[in-house]
Amino acid sequence: MTRELHHFIGGRQVAGTSGRFLDVFNPSSGEVQAKTPLASRDEVESAIAAAEKAFPEWSATPAVKRARVMFRFLELVTAEKDALATVLSSEHGKVFEDARGDVQRGLEVIEFACGIPHFMKGEFADNVATGIDVYSMRKPLGVVAGITPFNFPAMIPMWMFGIALACGNTMVIKPSEKDPSVPLRLAELMIEAGAPEGVLNVVNGDKEAVDTLIEDPRVKALAFVGSTPIAKYVYAGAAAQGKRCQAMGGAKNHMVILPDADLDQVVDALIGSAFGSAGERCMANPVAVPVGDELADEIVRRLVPRMAELKIGPSLDPASEMGPLVTAAHRDRVISYIEMGVKEGAKLVVDGRDFRCTAQGYENGFYLGATLFDHVTPDMQSYQDEIFGPVLQIVRAKNFEEAMALPSKHRYGNGTSIFTRDGDAAREYADKVNVGQVGINVPIPVPASFFSFGGWKDSAFGDLNQYGTEGVRFYTELKKVTSRWPTGIRAGAEFHIPTTGQ
Ligand code: NAD
């Protein structure tokens with residue numbers, strides 16, 4: 001019988017009662033390995049109630065003690081990193097080392113959260129007027145919610161709950177229904193680390209669960225990461241309720257390559273960032289923009305043999321460099337984009353649709369070979385849309401300005417990179433390109449945990465980024481206190497707005 005997953009509410013595992021389930025696959029073999037329960041409104045409300053009950057005690061716990069819980073959580077997850085990465089890899093399909101990286105990048109946010117007493121500090125100014133001091137305090141919001149995508153089932157929940165909990169909030173996470181086992185385990189480990197029950201809850205589910213989190217007045221803020229249509233939906237719903245919301249959406253990142261770039265480095269970067277995790281990363285580089293036809297021809301000449309050597313296979317096989325896509329439906333969607341690219345007149349240089357996994361027991365996995373298109377143009381739909389698979393599109397540019405205009409005008413603005421040895425050009429690109437996160441000779445410029453993460457344009461809605469100091473601002477409200485000491489000073493009744501004197 002297929003294993004049934006659960007919710008994690010009030011510090012314990014709770015079986016789903018809605019009667020609705022969704023299959024969790026092992027994408028490497030194509031087999032169903034578990035069933036995710038899809039929560040009803042009542043079940044989500046019970047998670048919100050558990051978080052609400054836990055809030056008074058947790059928010060009153062000194063920040064330094066909350067930081068100690070984060071330190072213990074860091075140790076527990078580090079000790080279990082390989083086991084978590086194995087589960088993650090088996091549900092998502094990314095290779096084991098990449099799955100370890102998924103856990104590690106989340107832990108780096110927890111490391112930042114261990115310093116929360118420092119970041120919760122407000123400001124103080126004495127004697128702003130005679131005998132009057134002003135100070136500010138950062139206060140947690142209350143119950144907050146996080147809704148996460150399938151592609152980073154460890155890192156993205158940790159982006160959210162690491163900061164939210166450290167700031168004194170309590171939380172309900174609604175992970176992707178496609179690979180929920182790691183977020184469920186992380187919540188257990190948080191309670192084991194010393195967070196009181198109810199501080200972190202996980203409900204599995206779909207639209208019904210998300211709508212409940214948007215509409216329930218006890219939820220004060222929503223963090224979302226996923227595709228752009230759903231990010232917009234969550235953002236609009238939260239705004240209509242007067243809630244704080246940060247909603248990160250899809251991406252189509254461009255790697256601009258100038259003729260003076262180190263081409264060995266460029267080809268390594270393209271192979272790793274376009275095909276790592278089978279292209280299912282919001283910071284992948286699925287578009288290469290070489291400047292000049294000579295450079296473009298040379299890059300294609302070098303990419304083709306490297307793509308032929310790419311080791312595609314079961315995600316837990318140590319020899320695999322690229323695993324399958326997350327589901328058959330997603331693989332078929334990516335294939336439909338390859339068909340679209342052909343119809344639109346792009347040149348299909350390497351066709352990944354021919355790939356077959358021959359490893360015994362893995363013949364029915366959701367594999368797709370690495371695919372390369374050349375002569376892609378900006379008017380093509382397959383260029384404008386996010387494909388989110390192992391498909392690299394080359395758009396040739398005549399010069400630097402034309403190259404920079406491509407990511408700048410694209411509807412998405414999550415990340416972009418430039419590869420060059422020219423410092424002037426790199427500096428100008430970083431300064432002027434209309435995209436939120438830039439890499440210079442770095443293919444996947446995900447900012448370190450003590451910065452903050454977030455793209456521009458249709459890649460993010462809401463004005464505060466994930467994690468780092470922006471994350472602390474998102475999960476706290478600033479209270480300002482104006483006080484007069486000693487109490488003996490009598491100003492008498494004043495009928496004008498208080499000033500420091502005319
Ligand atoms: P998705 O939008 O399908 O799902 C994200 C979350 O929304 C899931 O928890 C899902 O259950 C929920 N959801 C799905 N349909 C819904 C609906 N109709 N109503 C309410 N909730 C719904 O995204 P995904 O396929 O899980 O993840 C891939 C996407 O995430 C890509 O577009 C990728 O670019 C994006 N992503 C963006 C970032 C970023 O920081 N910008 C990071 C990672 C992934």
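Modeller: Let's start with a naming rule: helices are DSSP runs of H or I with at least four residues, strands are runs of E with at least two, and both are numbered from the N terminus. By that rule, Asp268 lies in helix H10, residues 263-275. This is a predicted model, where local features need pLDDT of at least 70 and side-chain atom pairs need 80 or more, while totals for chains, interfaces and linings use all residues. Residues are numbered from 1 along each chain as its sequence is written, and side-chain values use heavy atoms, without hydrogens or water.

Biologist: Thanks! Why does Asp268 count as partly exposed?

Modeller: Its relative accessibility is 42%. Buried means under 20% relative accessible area and exposed means over 50%, with partly exposed in between (1.4 Å probe, protein chains only). Asp268 therefore counts as partly exposed at 42%. To place it in the fold, its C-alpha atom is 34 Å from that of Asp463, which is 195 residues away in sequence.

Biologist: And what makes Glu188 buried?

Modeller: Glu188 has 18% relative accessibility, so it counts as buried. You will find Glu188 in helix H7, residues 181-192.

Biologist: What does the side chain of Glu188 make a polar contact with?

Modeller: The partner is the side chain of Gln13, at 2.5 Å. A polar contact is a pair of N or O atoms within 3.5 Å; within protein, one must be able to donate a hydrogen and the other to accept it, and residues adjacent in sequence count only if both atoms are side-chain atoms. Leaving out residues up to four places away in sequence, Glu188 touches His6, Phe8 and Gln13; contact here means heavy atoms within 4.5 Å.

Biologist: How do you know whether Ser136 is buried or exposed?

Modeller: With a relative accessible area of 9%, Ser136 is buried. Ser136 sits in strand S7, residues 132-140. Beyond its neighbours within four places in sequence, Ser136 is in contact with Gly122, Glu123, Leu478, Lys479 and Lys480.

Biologist: What is the relative accessible area of Ile299?

Modeller: The value is 0%, so Ile299 is buried. Ile299 belongs to helix H11, residues 293-309. Apart from neighbours within four places, Ile299 is in contact with Ile257, Leu263, Val266, Leu270 and Pro290. From Ile299 to Pro378, 79 residues apart along the chain, the C-alpha atoms are separated by 20 Å.

Biologist: What makes a set of residues a nonpolar core?

Modeller: They must be buried Ala, Val, Leu, Ile, Met, Phe, Trp, Tyr or Cys residues, joined through side-chain atoms within 4.5 Å. In this model, the largest such core has 70 residues, and those with the most contacts inside it are Phe73, Phe161, Met171 and Tyr475. Helix H6 (residues 155-166) supplies the largest share of this core, 10 residues. A second, separate core has 59 residues, including Ala274, Ile299, Tyr337 and Cys357.

Biologist: What makes a space a cavity and what makes it a pocket?

Modeller: Both are sets of points on a 1 Å grid over the protein atoms alone: in a cavity a 1.4 Å probe fits but cannot get out, whereas a pocket is an open set with protein on both sides within 12 Å along at least five of seven lines. Lining residues have an atom within 4 Å of a point. The whole structure holds 3 cavities of 30 Å³ or more.

Biologist: What is the volume of the largest cavity?

Modeller: About 90 Å³, where a volume is the space filled by probe spheres set on the points, joined across faces, edges and corners. Among the residues lining the largest cavity are Lys252, Arg281, Cys282, Glu386 and Phe388. The second largest cavity has a volume of about 40 Å³, and its lining includes Arg105, Glu108, Trp159 and Tyr467.

Biologist: And what about the largest pocket?

Modeller: Its volume is about 770 Å³. Of its 30 lining residues, Phe150, Lys178, Gly226, Ser227 and Ile230 are the closest to its centre. Helix H12 gives the most to this lining, with 3 residues.
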